Amino acid sequence: MSNVVIEVEGLRKRFRTRRGTVEAVAGIDFAVRAGEFVGYAGPNGAGKSTTVKMMSGILLPTGGRVEVCGLVPWRERRRLARRMGVVFGQRTQLWWDLPLEESFELVGHLYRIPAAERARRLARLEEVLALGPLLGVPVRSLSLGQRMRAELAAAVLPSPEVLFLDEPTIGLDVEAKVAVRDFLRELNAEEGTTVILTTHDLDDITRLCNRLIVIDHGRLVFDGTIDQLHAAYGSTRMLLVDLADPAATLVPGPGWAGAQVVRAEGHRRWIRFARDQISAADLVALVLAEHQVLDLSIMEPDIEDVIRRIYRGERGR
Amino acid sequence: MAEHLGVYLRLAAASVRATARRPAYLAARTVSAGLIVAIEVAGVLLMLDRFGSIGGWRPAEVVLLFGLAFTAQGLALVFGDTLEADKVSQLVRRGTFDQVLTRPTSPLGWVVASYVDTRFVGRMLAGAATVVWATDRAGVAWTPGRALLAALAVACAAAIIFGVLLVAAGFTFVTVQASEAANVLLYGGQYLASYPMQIYGSALRFVFVWVVPLGLAIYVPALGVLGRQGPPGLPGWLAWLSAPVAAAFLALGGLAWRAGIRHYVGTGS
C-alpha cells in the first residue's frame, strides 16, 4: 500500500499531571490514503489536537506507532516539516508586523522554493484566494477572513503532501467560510493534497470531507463516510408535506416501515422515517396515494445530532 | 545549522524590519536602553566617590569592568532576550512554539533569529562608550593585544550569558510544560494567566548572569587591559582561558536547550 500517507497504529498519549496520569489518546488506529479529505471530530478534550500534534511531530507518543509520508514525525520532524503544511486556526504563522508579501517571500526561502516556481505558484494562489490587494498590508491589519486566506496560501505555498487544519473556519463570516471551503476543495481535487481537518463546524465536514473520524475520550468511536455514519447510527430524515385538507389525518399504513407522523400544524405534517427502512420516494408515493398534497420537502438528518449521539455512547439500532 | 544561515539571517532581518516599522518606538527603546547604562555607571561612580578607591582600584578602572559587562550583556541580549523564562513560557502558552516545531529549521535558530531585539543595541553601544571613557580616564595605552583582550572579554562574557540563558530556557520548558499539561486537562486548553514556578530564584540568577561572567570573562582580561597585577597566584594567561570556558557554557546551554525540547516534545519523560 504505497499510497498510504498517514498510518496510525495503537497510538497512545499519556500526560502526567499533579493529579495523576491522564490518557489523552488511548489507542487509536487509522490509515489515510493520498488524496483523502478527512474530517477529524470530537468533543473538547477528546484528544483531537493531541493526535494532530503527534502526527505533526510536536508530541512524542507514549505508545503505538505513527508515520506520516513514511517518516516518524517526532524523529524526523524537520524532514516531515518540508512535506506538510499546518494551519492552527487561532494562531498565525505569518509575520505579524510585516506586509503580507514578505511572509510569502520568507516562506519561499524557508522551504527552499525556487524563485520562479514560487512566483508562479503565488500568482495562482493570489488569484484563487483574492489576495492581490492585500499583499502590501501588514498582517496585523488583515481581517480574520483575509488572514485565514493568507494563512492557507502560506501553508500550501511549498506544495505540501499533507495539510493539517485546525478550525480553519472558526469565527469567519459566511462569505469567508465559502471562500476557504472552495479553496480547500479545489486544492484537494486538483493537487491531490491529503487534508486532515479538525473542526467543530459540522458544516465543514459535510461540505468537504469524504471521510469522518470521530474520537471521544481518546478512543476512535467512528471511522467512515458520512453515509455510513447515518447508516450506523440510524439517523432519521424528515418528510414535510403540506396537505390540501388541513383537517385530514395521516395514518401510517402497513408499508410505512416505521415512519411516524411526529407533528401536525395547519396544512403541514412532519413525518420521521429511517433512511435504511424506507426511501423518501416510496414514502412520498404512499402519502400521495391517499392525500392531495400541495407541497413537500425532505429534511436531511442533522449530522450534529448524530455526532452528539455518538458522544453520548448510543449505539446504532 | 550552517546551511540554514541564509534563512536565519533573513528571519533576523525580518524581525528587525518589523520593529523598524515603528521607528519612534524603536528609537525610544534603544535610547532608553542606553540611558539605563549611563544611569547605572553614574550610580557606580557616585558610590565609589565616597571611597576614592576599592582595593586599589580607581573608579575609572571599576567602571571599565561594568562597561565591558554592559557591552557583553547587550550583545548577548540582542539575540538571547527571547530566551528569558517568561518569554519562553509565553511562546509555549500561546502555542507559538508548537508552530516553531512544524518549521523545517532548528527551533533554536528560529527563536533566536525571529526575536532579535534591537533595543539591546543601545545597551551594547552605551557599554562600549563606557569602556572607551573608562580606559581614557584610567590612562590605558591601547595596544593590539589589549584591544584583543577587551574584545575577547566581551565576546566570552556574552557567550557565557547566552549559555546561561539557554540553560534557563531549557528548564523553563520543563516547568511550563508541567503546568501547561495540567491546564490543558483542567481547563480544556485555555491558557491560564498565572506564571510557572520559577525554578531559579533572582539571587541565583544574579550570581550566574553577573558574578560568574564578570569574574571569569571580564575581571581577568580587564587586568590585562589595565596592565595591572592580579591577586597573587592569578597568572596573566588565565585571561585566554575564558574562551574555552565560554565555549563550555555555550555547549552546556545547547545541551540544556535540547533536553528542554526533548522534554517538551515528550521524549524526556
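**Helix packing, chain contact and two residues in a predicted model**

In this predicted model, helix α5 (residues 144-156) of chain A packs against helix α6 (residues 174-191) of chain A at an angle of about 15 degrees. The two axes lie 9 Å apart. Angles under 35 degrees count as roughly parallel, so α5(A) is roughly parallel to α6(A). The crossing of α5(A) past α6(A) is right-handed.

Both helices contribute named residues to this contact. From α5(A) come A:Gly145, A:Met148, A:Arg149, A:Leu152 and A:Val156. They meet A:Ala176, A:Ala179, A:Val180, A:Phe183 and A:Leu187 of α6(A). By class, eight residues in the contact of α5(A) with α6(A) are nonpolar, one is polar and one is charged.

At 1.5 Å a residue, its 13 residues should span 18 Å. The end C-alpha atoms of α5(A) are 18 Å apart, which agrees.

Helix α5(A) is mostly covered, with eleven of its 13 residues buried. The buried residues are A:Gln146, A:Arg147, A:Met148, A:Arg149, A:Ala150, A:Glu151, A:Leu152, A:Ala153, A:Ala154, A:Ala155 and A:Val156. The buried residues of α5(A) pack against strands and helices of chain A. These elements are β5 (84-88), α3 (100-110), α4 (115-128), β6 (162-166) and α6.

Chain A also touches chain B. The contact takes 30 residues from chain A and 24 residues from chain B. On the chain A side, the elements that give two or more residues are β1 (4-17), α2 (77-81), β5 and α3. Helix α3(A) supplies the largest share, four residues. The side of chain A that touches chain B divides into 14 nonpolar, seven polar and nine charged residues.

The secondary structure of chain B comes to ten helices and zero strands. From the N terminus on, its elements run α-α-α-α-α-α-α-α-α-α. Of the 269 residues in chain B, 43% are buried. Among contacts in chain B with a separation of 6 or more, 85% join residues 24 or more positions apart.

Two residues, one from each chain, were examined individually. A:Ile307 lies in helix α10 (residues 303-311) of chain A. It has 23 C-beta neighbours inside 10 Å and therefore counts as buried; the cut-off for a buried residue is 20 or more. Not counting residues up to four places away in sequence, A:Ile307 touches A:Ala41, A:Leu202 and A:Val214. A:Ile307 and A:Ala34 are 273 residues apart along the chain, and their C-alpha atoms are separated by 26 Å.

B:Leu250 is found in helix α10 (residues 242-265) of chain B. With 17 other C-beta atoms within 10 Å, B:Leu250 is partly exposed. Not counting residues up to four places away in sequence, B:Leu250 touches B:Ala159, B:Phe162 and B:Gly163. B:Leu250 and B:Tyr219 are 31 residues apart in sequence. Their C-alpha atoms are 20 Å apart in space.

Conventions:
Residues are numbered from 1 along each chain as its sequence is written. Chains are lettered from A and ligands numbered from 1 in the order in which they are written. This is a predicted model: local features need pLDDT of at least 70, side-chain atom pairs count only at pLDDT 80 or more; totals for chains, interfaces and linings use all residues. Axes are lines fitted to C-alpha atoms, for helices over the stretch in contact, and angles run from 0 to 180 degrees between N-to-C directions. Angles under 35 degrees count as roughly parallel, over 145 as roughly antiparallel, 65 to 115 as roughly perpendicular and the rest as oblique. A crossing is left-handed if the near helix is turned anticlockwise from the far one by less than a right angle, and right-handed if clockwise. Two residues are in contact if their C-beta atoms, placed from the backbone, lie within 7 Å. Ala, Val, Leu, Ile, Met, Phe, Trp, Tyr, Cys and Pro count as nonpolar, Asp, Glu, Lys and Arg as charged, and the others, Gly among them, as polar. The expected span of a helix is 1.5 Å times one less than its number of residues. A residue is buried if 20 or more other C-beta atoms lie within 10 Å of its own, exposed if 12 or fewer, and partly exposed in between; C-beta atoms are placed from the backbone.
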